[in-house]
Amino acid sequence: MAEQDRTKLTGRITVPGDKSISHRSIIFAAISTGVTTIDNFLKSADCLSTMQAFKDLGVKIDEQKSQVLVKGVGLKGLTQSSQPLDMGNSGTSTRLITGLLAGQDFASTLVGDASLSKRPMARVTDPLSQMGANFTSTENHLPLMVFGRPLHGFNYRLPVASAQVKSAIILAALQATGETVIEEPTASRDHTERMLATFSPASIDRHGHQIIIHPGHPLTAQHVTVPGDISSAAFWLVAGAIVPGSAITIENVGINQTRTGILSVLKKMGAQLTIQERTQANNETEPAADITVTASKLQPFTIGAEEIPALVDEVPLLALLAARADGISRITGAEELRFKESDRLAVVAEEFRKLGIAIEELPDGFVIDGRQNWQLHSTDLDSHHDHRIAMTLKIASLLLSKPVTIRDFDAVNISYPSFLADLQRLRS
Ligand code: S3P
């Protein structure tokens, strides 16, 4: 795609359902008893990988126009797939499903696309092996064979805050003999814990950074309403803050505090934000709000390791914010970004340099001087097959005076298939 993007963005939009919560809604629905109904499920490539995997494991899933219906089979009701389970590009599907399959009484093979096949799996297979799980792979990459076996509970302190690893262990622990206690260095997103507490309140306790899983309790079907994804809303929050003359309201955005780091940074920068919390129905465990952002002058910011988990997927966008701030910003403690759909630290630095942004790549982050005027060195930008990079570059292009192309832009289908349609709506 190539076009010139120099327009303010105005209006109200709703972003698609939360990716992390959509994955978990299918997983918990599948292993509970009864029919779970899911509203606002995200029909993007990653969540459809999770859905297809459970269909392959014998779960009946009915995709209606506005709802997904899942006929749960219980924790012991999954059946062996006749073919490898294809995880596509989805790290979340792979890691969570690995935890679940580790305790089943059949073997499974997980495969994925070229990017996913390069991503590290030892972070889940190591702790799961301590529970008695058994795997084979080449150097801990996909394809991964999971030989389901009886598991035992254990105490585990995560070396790095990771919701994927924590969730894989929780799903294994539900099938283990004995309790499991998980401790995190810093809180990562807690959608798994919240959802498990509704499907099976007796299965989970939480004390500070400790999560205790009590196996042996049934999970019961629920009605799940998925809020809008704050990681998708983040593109409009940033666009609204940096594109002169913009004013955008994003409706029904999930504001679980383990995800709202981007809002804290925007506030620190002096962005004009209004957050109007929505009233929650009784069975909703995830808070949501309507958020309005208006373009304004932005101050530089500094964030470190403690802040990263609550904004881990927004770091490329924060780099873009920094490139428009009135001073030098520092992002550190973000080495995990090197293990995402692309090496997001290297890729952001490479692509931002093409825009003439003053960016220094650190081993664990960036230093960015927003005072320097951008000077376009190349109009040939590259998403590196990474959905969040594709969308970050598209938002950056709104500030350029020349058209650019973004290679493999269709990577946006991983999390936000209607991104361009929403951009169009905000420009008209
Ligand atoms: C996710 C957890 C995060 C995040 C990913 C989704 C999840 O990964 O980056 O996009 O749904 O659990 P890590 O667990 O590797 O931090």
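Predicted model: local features only at pLDDT ≥ 70, side-chain atom pairs only at ≥ 80, totals over all residues.

Reader: What holds strands of a sheet together?

Author: The general idea is that strands pair through backbone hydrogen bonds, either parallel or antiparallel. Now the case here. β20 pairs with strand β21 (residues 365-369) in the antiparallel sense, over 5 bridges.

Reader: Now helices. How many residues of helix α9 are buried?

Author: The general idea first. An α-helix has 3.6 residues a turn, so residues three or four places apart point the same way. Now look at α9 (residues 315-322): 8 of its 8 residues are buried, and the helix is mostly covered. Among the buried residues are V315, L318 and A322.

Reader: Next, charges. What can side chains of opposite charge do?

Author: They can pair when their charged atoms come close. The whole structure holds 27 salt bridges. Take K166 and E184: their side chains meet at 3.2 Å, N to O.

Reader: Where do K166 and E184 lie?

Author: K166 is in helix α5 (residues 163-173). E184 is in the loop between β11 (180-183) and α6 (191-199). They are 18 residues apart in sequence, so the pair ties together separate parts. Both K166 and E184 are buried.

Reader: Which other residue forms a salt bridge with K166?

Author: E193 does, with the closest N and O atoms 2.8 Å apart. This pair links distant parts of the chain: E193 is in helix α6 and K166 in helix α5, 27 residues apart. E193 has a relative accessibility of 3%, so it counts as buried. K166 is at 0%, so K166 counts as buried too.

Reader: Which residues do salt bridges with shared partners join into one network?

Author: The network holds R119, R189, D313, E341, R344, D386 and R388.

Reader: Last, the rings. How many aromatic pairs are there?

Author: The structure holds 7. One of them is W236 with F419. Their centres are 5.0 Å apart, with 15° between the planes. Planes under 30 degrees apart count as stacked, so this pair is stacked.

Reader: Where in the chain are W236 and F419?

Author: W236 is in helix α7 (residues 230-242) and F419 in helix α12 (residues 419-427). They are 183 residues apart, and the pair links distant parts of the chain. W236 is buried, with a relative accessible area of 0%. F419 also counts as buried, at 0%. Ring pairs link F235, W236, F409, Y416 and F419 into a cluster.

Reader: What sits over the ring of W374?

Author: The charged end of R324 does, 5.2 Å from the centre of the ring.

Methods:
Residues numbered from 1 in each chain as written. Heavy atoms only, no water. Phe/Tyr/Trp six-rings, centres within 6.5 Å; stacked < 30°, edge-to-face > 60°. Helix = DSSP H or I, 4+ residues; strand = E, 2+ residues; numbered from the N terminus. Buried < 20%, exposed > 50% of the residue type's maximum accessible area, 1.4 Å probe, protein only. Lys NZ or Arg CZ within 6 Å of the ring centre and 35° of its normal. Pairing = 2+ DSSP bridges. Salt bridge = Lys/Arg side-chain N within 4 Å of Asp/Glu carboxyl O.
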